[in-house]
Amino acid sequence: MEARPNFFAMTDLRKSYPLGDERLEVLHGISLTLEKGEYLSVLGPSGSGKSTLINIIGCLDTATSGDYILNGQRIEDMDEDDLAWIRNREIGFIFQNSQLLPRLDAQKNVELPLIYAGVPGRERARRAREMLERVGLSDRMEHYPSQLSGGQQQRVAIARALVTRPTLLLADEPTGALDQKTGRQVMELFQQLNEEGNTIIMITHDLNIAKHARRVVYIVDGEITEPEGGPEYA
Amino acid sequence: MLRRLRASLSMLLENIHMSVTNIAQNRLRSALTVLGIMIGVTAVIALITTVTAVSTSITSSFASMGAGTLTLSVTGSDLKTGLAPEDLEMLTNMECIEGVTPSVTLRSRVSRGSDYESNITIAGRNPYWFSVNEDIVTRGRQLNVLDMNGIHYCCLIDQDMQESFFYGEDPLEKTLYVSGLPFTVVGIFDTSGDTSVAAMLSGSPDILIPYTTALRLNNTTDVTSLTLYLAEGWDSGTATPVLESALDELFSYEEDCYEINNMDSLESTMESMTSMMAALLGGIASIALLVGGIGIMNMMLTSVTERTVEIGLKKALGAKPRQIQAQFLIESFILSLSGGVIGTIIGLGVSFGLCRAMGAAFTVSHGAIILGVGFSALVGIVFGWAPARKASKLNPIDALRRM
Ligand SMILES: Nc1ncnc2c1ncn2[C@@H]1O[C@H](COP(=O)(O)OP(=O)(O)OP(=O)(O)O)[C@@H](O)[C@H]1O
Ligand SMILES: [Mg+2]
């Protein structure tokens, strides 16, 4: 495969937190490139820095040092408004616990990113409904989060992440709060989405979940290693 | 351009929708917060509207009294020190004049038997004065032309004098000593019926006597102060020059012998006084508004803290700082404005009640409404600014980690 470093390239990315007088370094020089259409899972034990990494990838957090280029844009150079734009258009983020606004129904929750994208109301509703149908929730559009099961909530969150047709779909332990069966359903959905051309980065500490991806990297103590030969050998 | 306008409009509508939803969700707390603003605006509106209404009715009653009257004060010259009864006659016969009422007042000792009171205000009146103040005599008779021409020692007394000197007796035809001279009581008058400006300003007299008699008691034949009632079809503008030429002739064209005044100056003093009063009361009431504003700020700050996760999530989904700020600003704006609108309505109601009670004509002043509504909206923006800014500055990851 020919490398296209402009799509997704991280070089020597470091992240440290102040800890008393010293600094706690959580990510020790992460380098990672990704191509359009890839499906990567980042596997690692608890506390290894997975969430820290994906938050930086999703532009929710900033690295202490290092380079990060997404879709040709150097993230370090961006101001708050640019970052908001990138979070809105380039990134679809699926959080560990689906993070829906409890006061909005499923459809309104999915519409939220489109509001910030400035999409007019009717178009917004159409696209949100379309996306909810896509994740198999056509009969739950008017349900509030509290009226949905954990798996359904996660699917609403996936629909919300997809509705702006982002460049990059990020998921931090998307099945963490789900039972095996619903977890498998979500994984099937991810596989379909990848087959449709979506680029996905998924965080997990579960090898069985990681194996759904086409490429797996390990993160241990803030360092990335990639097993030779792909997920089967992980 | 049009697209962007439409986008920001839909953003605004969305923000309003979210704010209303959120306010409705925290009904009790929102209501309590709004209460502060509401009370402030109620106070502002009620005070200003009432003061304005009362002063308007006072001014208009001044105007209606003052309309068609002029006051003439005479300083005189060496040759002619004042107006004699014949001069009053001359003035009365002028085309532009309906009638004149001289005002001759003195303070004197009044006694009957062993009872006495000193420093009693005694006013000299003429028959025309009684025709203008028709309802003033409650018993007995008015003073008439014969009393004037004959310089009769007769008088009308008010209720207080009646009680002091004739307790349990009928005062009519009894004698009362004024400055040691015997006066026959011919009538009783009711001071509260005298609404003339002169009475309001100088305090109402206790005893009325013929003005000619009053002049004699004052040891003079000169009237120096009088009110001129203009005839139909004349106003101060048209009558003043005519009067001036007559008076100039009377005073042999000497300068500065007299002064003609109308009610306009009094009215404008009155107006500036009430507007000062309104401003003062408004200032006090604005403190209540300020307190209400701080209440809103407090609630908004709490709200921002409580909704940290929501804010973080929205930022994660692509909300710009400006958009978050707008959301909170609109929320505090709507809160404060609704308090202002309710307060305006209540304030107008209160003012209506007060005006009713005080017998002043109630009018809804647009200025007061604009002030109440505008001020509360401003309070919402000013006091919502800091919390909204705080919300917009939240770091999405910090906010999300609160989970
Ligand atoms: N704001 C912070 N300040 C200080 N240390 C932090 C902060 N955030 C994370 N850390 C530390 O960074 C390390 C990595 O945290 P992170 O959340 O990335 O782990 P993770 O791999 O996602 O773990 P898990 O699988 O349990 O979610 C942890 O040791 C954590 O204590
Ligand atoms: Mg984690």
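Modeller: We will go through confidence, the interface, the ligand and the salt bridges in turn. This is a predicted model, in which local features need pLDDT of at least 70 and side-chain atom pairs count only at pLDDT 80 or more, whereas totals for chains, interfaces and linings use all residues. Residues are numbered from 1 along each chain as its sequence is written, chains are lettered from A and ligands numbered from 1 in the order in which they are written, and side-chain values use heavy atoms, with hydrogens and water left out.

Biologist: What pLDDT does chain B average?

Modeller: The term pLDDT is the predictor's confidence in each residue, from 0 to 100. Chain B averages 85, and 94% of its residues score at least 70. Within chain B, confidence is lowest in helix H7 (residues 197–202), at a mean of 52, and highest in strand E9 (residues 207–210), at 94; helices (H or I, at least four residues) and strands (E, at least two) are DSSP runs, numbered from the N terminus. The model as a whole scores ipTM 0.90 and pTM 0.69.

Biologist: How many residues of chain B are in contact with chain A?

Modeller: Contact means heavy atoms within 4.5 Å, and on that rule 29 residues of chain B are in contact with 25 residues of chain A. Buried area is the accessible area (1.4 Å probe) that two parts lose on being put together, summed over both; here it is about 2500 Å², of which carbon and sulfur atoms give 59%.

Biologist: How many salt bridges does the rule find across this interface?

Modeller: A salt bridge is a side-chain nitrogen of Lys or Arg within 4 Å of a carboxyl oxygen of Asp or Glu. The rule finds 4 across the interface of chain B and chain A, and B:Arg322 and A:Asp81 meet in a salt bridge, at 3.6 Å from N to O. On the side of chain B that touches chain A, the elements giving two or more residues are helices H1 (2–25), H11 (308–316), H12 (321–358) and H14 (396–401) of chain B, and H1(B) gives the largest share, 8 residues.

Biologist: Where does ligand 1 lie?

Modeller: Ligand 1 lies between chains A and B, and the residues surrounding it (a heavy atom within 4 Å) include A:Tyr17, A:Lys50 and B:Arg401. An oxygen atom of ligand 1 is 2.5 Å from an N or O atom in the side chain of A:Ser46, and an oxygen atom of the ligand is 2.8 Å from a polar backbone atom of A:Gly47.

Key:
A polar contact is a pair of N or O atoms within 3.5 Å; within protein, one must be able to donate a hydrogen and the other to accept it, and residues adjacent in sequence count only if both atoms are side-chain atoms.
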